Structures are given as C-alpha cells and as structure tokens.
Amino acid sequence: RILGWSFTEKYIFDSALDMDFPEFNDDMPTLAIIHGDAYQSISKYNPMKGEKLKHISGVDAWLFGHIHKPDVINNENPLILYPGSPHALNPNEKGIHGVWLITIDDWKIDYQDIPLSPVCYQTLTVDVSTINSETEFRKLIISAFNNHLAELMEFYAPQYVVFDIELTGTNGNILKLRKWSDEITNYTNYDTCNIIVRTIEY
C-alpha cells in the first residue's frame with residue numbers, strides 16, 4: 001500500500017499528522033510518500049518530527065521529499081528516509097546522489113542507494129602547515145586528490161568531480177601558497193573522471 005501527501009499551499013505550518021491522517025490496519029506493508037520537514041517540530045514545510053513518525057500505527061516506511069541531501073533518519077521499522085535529489089543540482093548538494101531501491105519481502109523492508117548523478121560535488125580539506133616548497137605543495141595536493149577519489153570510486157565513478165578546496169593550518173608562506181594554488185588545475189588530469197576545482201579557500 002502506498003500513501004501519498006503533498007502541499008495544497010505554498011507553506012504548510014501544521015503537521016499533516018495533525019490533520020485527517022488515515023490509520024491503517026496491519027494487513028499489508030504501507031509506504032508513506034510525504035513532502036515535509038522530518039527534522040523540525042516547527043517549520044513552514046509540513047513539520048513532521050521523526051520521533052513522532054516512529055509511533056504512527058500501520059506505516060512501515062516514510063519516504064520524504066523536500067530536503068535534497070540523502071539521509072536515513074531511522075533504519076529500523078519504520079524506515080524514515082530522505083532519498084534526496086537523484087542529480088546533484090548545485091555545489092551546495094555535496095556528496096553522492098542517486099536513487100534508492102526499496103524492497104519489500106514478507107514485511108521486511110530493505111533499502112539500497114544507487115549512485116547515478118554524473119556530477120559529484122566534494123569538499124577537499126588539506127593541511128598545508130608543513131609545506132615549504134611548490135614541489136611539496138604539488139605532491140600534497142595530488143596525494144589528497146588520489147586518496148579522495150579512491151574512496152569515492154569505491155561507491156561509483158561520476159563523470160565529473162567538482163572540488164571546493166580548503167587549505168588549513170598555519171603557514172608563513174601565504175603569498176607563495178596563493179601562487180602555487182594557481183597551478184592546481186594542472187594536477188587534475190585523470191582518466192577515470194573529469195576533475196574541476198571550483199574554489200580554493202585559505
């Protein structure tokens with residue numbers, strides 16, 4: 001059984017749970033597909049606090065829309081899940097995006113995320129405290145790229161990986177670091193995917 005609910009107005013300040021929300025007998029598995037805010041008890045986007053959802057009779061899984069970041073709020077009965085946006089739409093939607101496969105077998109509900117987004121936005125944090133030369137800087141950045149991409153490729157291989165790089169630590173060669181940073185785009189030649197450096201922060 002699939003139960004659906006969405007907005008009738010631009011903003012919904014009262015929880016759908018406080019409206020004429022149907023109750024079901026436990027005669028078959030029930031999935032609720034809801035547009036709302038499962039994080040907040042006060043919100044203009046249908047506030048449906050996760051703790052309250054756990055005690056609604058007859059619903060075995062809550063699948064939420066509204067927040068674009070994938071998140072499993074509760075992995076037991078009931079499953080409470082934000083699938084997120086299947087395609088990362090902008091640099092604020094960092095991390096792995098895709099679709100989710102929900103499987104129901106004899107009342108047991110399993111879920112699996114399937115990465116599909118061709119672009120993956122990532123933040124790369126690099127400590128440059130001990131860097132004294134351009135050669136050291138280049139080696140450090142390339143090593144950071146390699147390690148980060150290796151971890152990402154364990155899940156899937158996006159067509160594009162877009163990095164926001166944060167250089168951290170204490171270093172007296174800030175002017176040289178800025179100059180060396182201009183060369184970072186020369187370190188991004190990879191056969192597995194296209195690397196783009198969007199921003200560099202110090």
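1. Two strands count as paired if DSSP finds at least two bridges between them. With that rule in mind, one may turn to strand S9 (residues 160-168), which is joined to S10 by 7 bridges, the two running parallel. Within this part of the structure, Phe163 stands opposite Val197, a residue of S10. It should be kept in mind throughout that the model is predicted.

2. The sheet to which these strands belong is open and is formed by 3 strands, in the order S8-S9-S10, with parallel pairing. Which strands stand at its edges? They are strand S8 (119-127) and strand S10 (194-201); each has a single partner strand, so one side of each is left without a neighbour in the sheet. From one strand to the next, the twist averages 25°.

3. A helix accompanies this sheet. Helix H2 (residues 134-153) lies across S8, S9 and S10, and its direction is at about 140° to that of S8.

4. Is Asn74 buried or exposed? Its relative accessible area is 12%, and because buried means under 20%, Asn74 is classed as buried. If neighbours within four places in sequence are left aside, Asn74 is in contact with Lys54, Leu79 and Ile80.

5. The side chain of Asn74 also reaches the backbone oxygen of Pro78, at 2.7 Å. Pro78 is itself found in the loop between S4 and strand S5 (79-82). The peptide bond that joins Asn77 and Pro78 is cis, with omega at about 0°.

6. Although Asn46 is not a glycine, its phi is positive, at about 55°. Asn46 lies in the loop between strand S2 (31-35) and helix H1 (50-53). With a relative accessible area of 0%, Asn46 is buried.

7. A positive phi is also found at Asp106, a residue other than glycine, where the value is near 55°. Asp106 is placed in the loop between strand S6 (98-105) and strand S7 (108-115). Is Asp106 buried or exposed? Exposed means over 50% relative accessible area, and Asp106 has 69%, so this residue is classed as exposed. Asn46, by contrast, is buried, whereas Asp106 is exposed.

How values were computed: Residues numbered from 1 in each chain as written. Predicted model: local features only at pLDDT ≥ 70, side-chain atom pairs only at ≥ 80, totals over all residues. Heavy atoms only, no water. Buried < 20%, exposed > 50% of the residue type's maximum accessible area, 1.4 Å probe, protein only. Polar contact = N/O pair within 3.5 Å; in protein donor to acceptor, adjacent residues only side chain to side chain. Contact = heavy atoms within 4.5 Å. Helix = DSSP H or I, 4+ residues; strand = E, 2+ residues; numbered from the N terminus. Axes fitted to C-alpha atoms, helices over the stretch in contact; angles between N-to-C directions.
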